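Please keep the sequence and the model in view while reading.

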Amino acid sequence: MKIGFICLLLFCTTALAKEQLLTPFTSFTKHGDHTFAVELASQENTGRHLLEIELGCASQGCSDWDYTVRFEWQKHGISYELGRLITPYAGYMQRAMHGFDRNWRRTYTFDVSHLIPVLQGKGLFNIHYGGWGAKQSAFGISAKLYSDTEFNKQEVLRAIPLYESGSEGWPYKTSEYFDTLLTQRAFQFKANEQHAEIKMTVSSHGHALSFDNPQGEPELCGEWCDRFFTIKHNNDTIVKQQLWRKDCDMSATFPQGGTYIFARSNWCPGESVVPFSYDIDTAQTNNTIDLDWQRYSWQPSQYGNTAPRYIVNAVLVTYAKKPATTDIALTRIVSPNAQTPERFGIQCGAIEAEIKNMGSADIHAVQFHYGIAGRQQHFYDWQGNLKPGDTKIVRIPTRYLGQFDTQTARISISAEVKGDENMANNDANALMHMPLSLFNTPRLNILTGKIPDETKVELRDRHQNIIQSWHTFNAQQWHELEFEQPAGCYELVVYDSARDGLAFPFFNNRKGQGALNLSYDLDGKTVTHDLQPDFGRKLSVPFTLGYKLGGCAAQAWQSDIAYRKGDAPVAYHGIIYRARHWSYGFQPDKSGQYDAWQPVSYCDGSPLNE
């Protein structure tokens with residue numbers, strides 16, 4: 001076991017800690033626990049508390065394999081899981097392929113607010129690295145704890161461990177043996193505990209052979225087999241939870257040098273393991289929880305002769321009564337956001353914001369205020385039904401945001417509801433990922449594989465309307481698709497119905513190896529942007545046409561130039577004008593119905609009546 005010590009002097013006596021370092025970036029080459037003694041600041045048992053993990057190549061390079069990494073807080077001899085992730089197949093980072101290199105880093109965030117009663121004072125921050133690092137490759141990790149005590153006013157009372165398998169997991173030797181690990185848990189609610197939930201994280205591993213499925217097909221358990229568990233509260237079933245994750249083909253880290261696109265038993269290479277949450281009724285004082293696993297048989301396979309393993313952690317969390325009836329929280333800006341991986345963090349003509357109902361009453365309407373920080377703000381009204389505790393990502397179609405410096409400008413958003421009792425969690429802002437900028441008549445050049453019927457291409461406008469589409473292609477041929485559109489904000493979407501992209505290395509011999517790029521002609525030269533063909537299910541490419549985001553699709557009007565009908569449009573104060581007739585020195589915004597200038601659009605091509 002590796003032991004380190006970090007003394008957080010800045011926070012040791014601070015009541016409200018904003019940022020606390022758990023460990024600086026540390027390379028892990030050995031399998032097992034890496035533990036750091038930490039003293040966390042004392043604070044109230046309220047608010048939002050986020051564990052931020054930065055994963056990257058170790059000092060000697062990155063590993064080729066998908067390993068389980070577990071983060072724990074150990075206090076008074078009890079281990080509390082903070083989060084779990086699976087490392088990507090990082091061979092491309094190791095070998096500097098497909099736009100990656102050994103400087104690759106990615107940030108993961110885990111909400112650990114439910115553990116705040118124990119995330120205080122002295123304890124051990126433990127990282128269990130499930131890899132087997134070689135001399136030339138492994139992974140490295142840094143960790144910080146961010147706290148905002150005003151974000152959520154509800155008090156967390158207790159975090160009660162229910163089930164803990166340890167980082168190596170429980171072996172599913174037989175169904176009878178597994179039953180002995182999942183014995184009934186009994187507990188009592190206190191009078192002031194008005195709400196409770198089970199927080200549970202599960203991932204399945206191993207390559208034993210099983211035929212226990214409706215089709216009788218061979219499958220490798222636990223990684224590649226769809227199984228379930230049930231939870232009973234006081235003998236009543238509250239959930240039957242399938243352990244199967246189908247979105248691996250949309251990993252934020254892509255491509256990877258392995259079978260990253262395939263569905264797995266509740267995890268994906270390169271992604272965090274998403275925890276489950278189940279509400280528990282607190283009406284009774286004496287209570288029991290029963291966890292039961294699906295029963296199945298297995299046998300050794302050529303890929304693994306040991307039992308399937310399940311890494312299980314479940315904790316019962318109790319809360320005081322919700323202090324607010326109405327409380328909307330803006331939890332994050334999904335896009336455009338430079339902190340979100342590019343696959344999901346780039347946006348053109350819209351904002352995606354995540355909101356959560358922190359109150360005890362349903363929310364049916366939210367008004368969003370958005371814009372570039374320090375500039376004009378716009379409004380968008382969302383209507384729907386958001387139940388207490390529920391989270392939703394809202395797509396906000398944006399109006400013209402103005403001209404701005406893309407290196408420093410921040411997108412600013414607030415979410416408001418009538419009667420909101422906590423305004424401290426309504427705002428967020430972020431630096432932006434910039435979309436591609438294309439000019440003139442751009443085109444998608446696409447080389448299909450041996451099965452062209454799997455491919456479909458769409459061009460969408462800023463409102464997600466399909467304005468051009470292509471779905472008929474010849475096998476193993478280049479196709480040139482022109483985008484004949486005016487200046488504006490667009491999104492190119494390339495679909496693969498088999499969910500394995502145009503060039504998945506494991507299928508290239510059978511299905512062929514495709515490719516694709518975007519290009520346009522400018523000043524007698526062809527400008528080309530290569531796109532990644534190993535994209536899984538779908539590749540989305542937001543782009544601006546005729547201008548760069550923050551700029552304008554026309555040259556600025558100049559007072560000392562004469563303009564005539566038919567000349568190129570000009571821009572003035574964010575609006576594009578076209579000349580009706582000759583003019584000299586006549587300011588465009590002074591024009592009336594019969595004057596020299598006719599307003600056409602905003603600088604980003606969007607209509608003036610939006």
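The points below cover the domains, one interface, salt bridges and backbone geometry.

The model is predicted. The domain assignment divides the protein chain into domain 1 (13-153), domain 2 (155-249 + 261-323), domain 3 (328-433), domain 4 (437-545) and domain 5 (562-602). Domain 2 is written as two segments, 155-249 and 261-323.

**Domain 2 and domain 4**

- A distance of 41 Å separates the C-alpha centres of domain 2 and domain 4.
- Contact between them involves five residues of domain 2 and seven residues of domain 4.
- The size of an interface is often expressed as the accessible area that is lost when the parts come together.
- For domain 2 and domain 4, the buried area is about 470 Å², and carbon and sulfur atoms contribute 55% of it.
- On the side of domain 2, the residues that lose the most area to domain 4 are D249, I261 and F262, which together account for 91% of what that side buries.

**Polar and charged links between these domains**

- Four residue pairs are in polar contact between domain 2 and domain 4.
- The side of domain 2 that touches domain 4 consists of two nonpolar and three charged residues, with no polar ones.
- Two salt bridges are counted between domain 2 and domain 4.
- R537 and D249 form a salt bridge through their side chains, with an N to O distance of 2.8 Å.
- D249 is also one of the residues of domain 2 that lose the most area to domain 4.

**Salt bridges in the model**

- Side chains of opposite charge can pair when their charged atoms come close.
- The count of salt bridges comes to 27.

**The annotated region at residues 554-600**

- An unreviewed UniProt entry places the feature "domain: Chitin-binding type-3" at residues 554-600.
- In the model, residues 554-600 are 0% helix and 38% strand.
- The end C-alpha atoms of this region are 11 Å apart.

**Backbone geometry**

- Most peptide bonds are trans, and most residues other than glycine have a negative phi.
- F254 and P255 are joined by a cis peptide bond with an omega of about -5°.
- P255 is placed in the loop between β17 (236-243) and β18 (276-280).
- A cis peptide bond also runs from S335 to P336, with omega near -5°.
- P336 occupies the loop between β21 (328-335) and α3 (342-345).
- A96 is not a glycine, yet its phi is positive at about 55°.
- The loop that holds A96 lies between α1 (91-95) and β7 (105-111).

How values were computed:
Residues numbered from 1 in each chain as written. Predicted model: local features only at pLDDT ≥ 70, side-chain atom pairs only at ≥ 80, totals over all residues. Heavy atoms only, no water. Domains from an automatic or database assignment. Contact = heavy atoms within 4.5 Å. Buried area = accessible area lost by both parts, 1.4 Å probe. Salt bridge = Lys/Arg side-chain N within 4 Å of Asp/Glu carboxyl O. Polar contact = N/O pair within 3.5 Å; in protein donor to acceptor, adjacent residues only side chain to side chain. Nonpolar A, V, L, I, M, F, W, Y, C, P; charged D, E, K, R; others polar. UniProt positions renumbered as here; feature names shortened; annotations may be inferred. Helix = DSSP H or I, 4+ residues; strand = E, 2+ residues; numbered from the N terminus.
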